[in-house]
Amino acid sequence: MTVNAKGMFVDTTLCTGCKACQVACKQWNELPMEDEAAVRGHTAFTGDSYDNTGRLSATNWRHVKFVEQISEDRADARWLMMSDSCKHCEQAGCLEVCPTGALYRTQYGSVDIHQDVCIGCRYCVGACPFGVIEYNGRTGRVNKCILCQDRLEAGEGTACAKSCPTASLTYGKVDDLKAIAAARVKELHAQGKTDAYVYGWDLGNKGVITQGPNKGQAVADMEVVGGLNVFYLLLDKPSVYGLPSAPQLPQRNMAPSAGVALISAAVLGVTGLAAFRRRRMESASAARSS
Amino acid sequence: MPITNYVLEPGWANWIVTLEMFIAGVAAGIFFFMALANIAGNAEDRDVAGRLGFLPGPLVVLAALLLTLDLGQPLRFLNLLFTSPFATERSGPLMFNPNSPMNYGTDILVVFGLFCILPFFDAFRHVGRRSSLPETVHRLSHNGLYNAVGGLFALATGAYSGVLINTTNQPVWADTYVVGGLYVVFSALSGFAVAGIVADRARARSTAGAVRTGLMAIAVVAGVMVAIFVGNLVALGSAQPLIGALTALTAPIFWVGVVGLAILYPIVVIATGPRLRVAQVSASGLAVVGTVVLIGVLAFRWSLLHSALAAVAR
């Protein structure tokens, strides 16, 4: 782990879905509208609760998810909200596969992009297990949350955390944030909310989901891809929030795939040589018989 | 384990990338055939290999042009080869990230392209054009060691795109380990298909015999690989976008193009055709088989690239 890494703790139990973080992100990073014509024509509604952007993208570096869990008899209902962004993984799939060095680890442990170096090959897009980074058709390069690198260099926190009115987003040193997260999970468990656990680091918490379709199922803290510098306190299974339960690095396939290709190449070599040899034998036998 | 990640599709499922992978694969397959013909073939085979020398070099250049076209700005391609002064995490003048198949592929493609230069110039001699090039060019382009090493780089070029899409988090592409193997087999299949067409035009009956045997054998290998690939996907429950979604284009193109044209057609036509005796080889028939197989290989590239597109959750 990067020494003194900076990151964010996202406490989803405190999120009210106000989207101040989305607005702050758009404003600070001067991000354009995703589809200006659709917004101006009032056709840009997602139809998915109060979600107005649908997903993370090259121009939406932060996305507030709305998950409505309502039982069939409508007696039991809860609304889960989560402010999502790049996780700045300790083992970042995007950074690992970048063929030009455009994606890099900053001194704060975050993953940033040298826009001058990016060639727009989109390999990182297919490699990120969280669907965070996206190709920007306007620039021909990729974009994602860069943890407000310019603000961090000026000694400021991230714009989204600064604007969060409920402290659902907390910026700071990752080690400090882990301590805050551990204390918060204990506090919630003490209140009977045993669903609370941490996604991103294993702080040793275990619990049981108390509400919703997964009620009764066990949950536990999970460290994924070496740890996430932006990590979450969740109340339900990761998939409910659109997070993978076991994200993997794309490199897991490289050596086995190359190995299978090597074996296939060897088979082809033998097959090809055998084809020429067989023809030679047939020619010889034809010559003998004539 | 199937991919359960919430990935975005990288935008590779387009005609530029499909053609780039197809053309680079055909170039690699042709060189592979040339290498075999020069190492294990007779004089007629070497002559056909010499004529084929016209193709791999320009095809590699065309593939590189398509790649730069896909990137949007030609000069960006240089950042794949040379370390940008702004890429602060990388050292040395040549760009290389050992974790990125794209870097291996770029370097392999460059070296393979260099191996294609001599056969290209030697090809003029094989079509009867006077060449002022020294005899060394002719000797070297038919040299066993030159062809063995060049053939290895050709196979690596053929496999590269498969390993590339295998090393992602995309559904279908990354669900098994066999995509690199599939790509190199279909690359060789396309090379033999082109060799069949050229042998047909050159009326090289002896070479056509070897092409027929090789084409059928490689089609069988391709069939086995596809069966392993699809079997893996079915076992993981992620085969639907490639083989099951008949209302979309991907599955019909996979079944008709890949299984039908690239694999079953050459096996059936060659197996049920005239007995494999050199004197009985139907030259025009081989050209048709080669053309159909090439269409099948193009269908393979297209359907595999689009299979992930159909499955990605957005």
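Modeller: In this predicted model, the second largest pocket is lined by 26 residues, and those nearest its centre are Leu262(A), Ala265(A), Leu152(B), Leu155(B) and Ala156(B). The volume of this second largest pocket is about 530 Å³.

Biologist: Which elements give two or more residues to the lining of the second largest pocket?

Modeller: Chain A provides helix H8 (254-289), and chain B provides helix H1 (15-40), helix H5 (101-115) and helix H8 (144-166).

Biologist: How do the residues of that lining divide into nonpolar, polar and charged?

Modeller: There are 22 nonpolar residues, four polar residues and no charged ones. Leucine and alanine count as nonpolar, so the residues named at the centre, Leu262(A), Ala265(A), Leu152(B), Leu155(B) and Ala156(B), belong to the nonpolar class.

Biologist: What is the volume of the largest pocket, and which residues lie nearest its centre?

Modeller: The largest pocket holds about 620 Å³ of space. Its lining has 25 residues, with Glu34(A), Val39(A), Ala44(A), Asn52(A) and Thr53(A) nearest the centre. Helix H1 (20-28) and helix H2 (36-40) of chain A are the elements that each give two or more residues to this lining, and H1(A) has the largest share, four residues. By class, the lining of the largest pocket comprises 11 nonpolar, eight polar and six charged residues.

Biologist: What makes a space a cavity rather than a pocket, and how many cavities of 30 Å³ or more does the structure have?

Modeller: In a cavity the 1.4 Å probe fits but cannot get out, whereas a pocket is open. A search of the whole structure gives six cavities of 30 Å³ or more. The largest cavity has about 230 Å³ of space. Among its 19 lining residues, Glu20(B), Leu67(B), Met102(B), Tyr160(B) and Leu164(B) lie nearest the centre. Two or more residues of this lining come from each of H1, helix H3 (56-71), H5 and H8 of chain B, and H5(B) gives the most, four residues. The lining of the largest cavity has 13 nonpolar, three polar and three charged residues.

Biologist: Which residues touch the most other members of the largest nonpolar core?

Modeller: The largest nonpolar core has 103 residues, and Trp12(B), Phe33(B), Leu52(B), Ile165(B), Phe186(B), Leu189(B) and Phe229(B) touch the most other members. H1(B) gives the most to this core, 16 residues.

Biologist: Why is this core said to lie between domain 1 (6-248) and domain 2 (251-289) of chain A?

Modeller: Both domains give residues to the core, so it lies between them. The C-alpha centres of these two domains of chain A are 50 Å apart.

Biologist: With which residues is Leu52(B) in contact, leaving aside neighbours within four places in sequence?

Modeller: Leu52(B) is in contact with Ile30(B), Phe33(B), Met34(B), Val194(B), Ala195(B) and Val198(B). There is also a second, separate core of 70 residues, which includes Phe9(A), Met82(A), Ala161(A) and Val198(A).

Biologist: Why is Ile243(B) called buried?

Modeller: Its relative accessible area is 18%, and buried means under 20%; Ile243(B) is therefore buried. Ile243(B) lies in helix H11 (residues 240-244) of chain B. Leaving aside neighbours within four places in sequence, Ile243(B) is in contact with Val230(B), Val234(B), Ala251(B), Phe254(B) and Trp255(B).

Biologist: Is Arg74(A) buried or exposed?

Modeller: Arg74(A) has a relative accessible area of 64%. The limit for exposed is over 50%, so Arg74(A) is exposed. Arg74(A) lies in the loop between strand E2 (63-70) and strand E3 (77-84) of chain A, and has a positive phi of about 60 degrees although it is not a glycine.

Biologist: Val225(A) also has a positive phi without being a glycine. Why does Val225(A) count as buried?

Modeller: At 9% relative accessibility, Val225(A) meets the limit of under 20% and therefore counts as buried. Its phi is near 35 degrees, and Val225(A) lies in the loop between strand E12 (222-223) and strand E13 (230-234) of chain A.

How values were computed: Residues numbered from 1 in each chain as written. Chains lettered and ligands numbered in written order. Predicted model: local features only at pLDDT ≥ 70, side-chain atom pairs only at ≥ 80, totals over all residues. Heavy atoms only, no water. 1 Å grid on protein atoms, 1.4 Å probe; cavity = no way out; pocket = protein on both sides within 12 Å on 5 of 7 lines; lining within 4 Å. Points joined across faces, edges and corners; volume = space filled by probe spheres on them. Core = buried A, V, L, I, M, F, W, Y, C linked by side-chain atoms within 4.5 Å. Buried < 20%, exposed > 50% of the residue type's maximum accessible area, 1.4 Å probe, protein only. Domains from an automatic or database assignment. Contact = heavy atoms within 4.5 Å.
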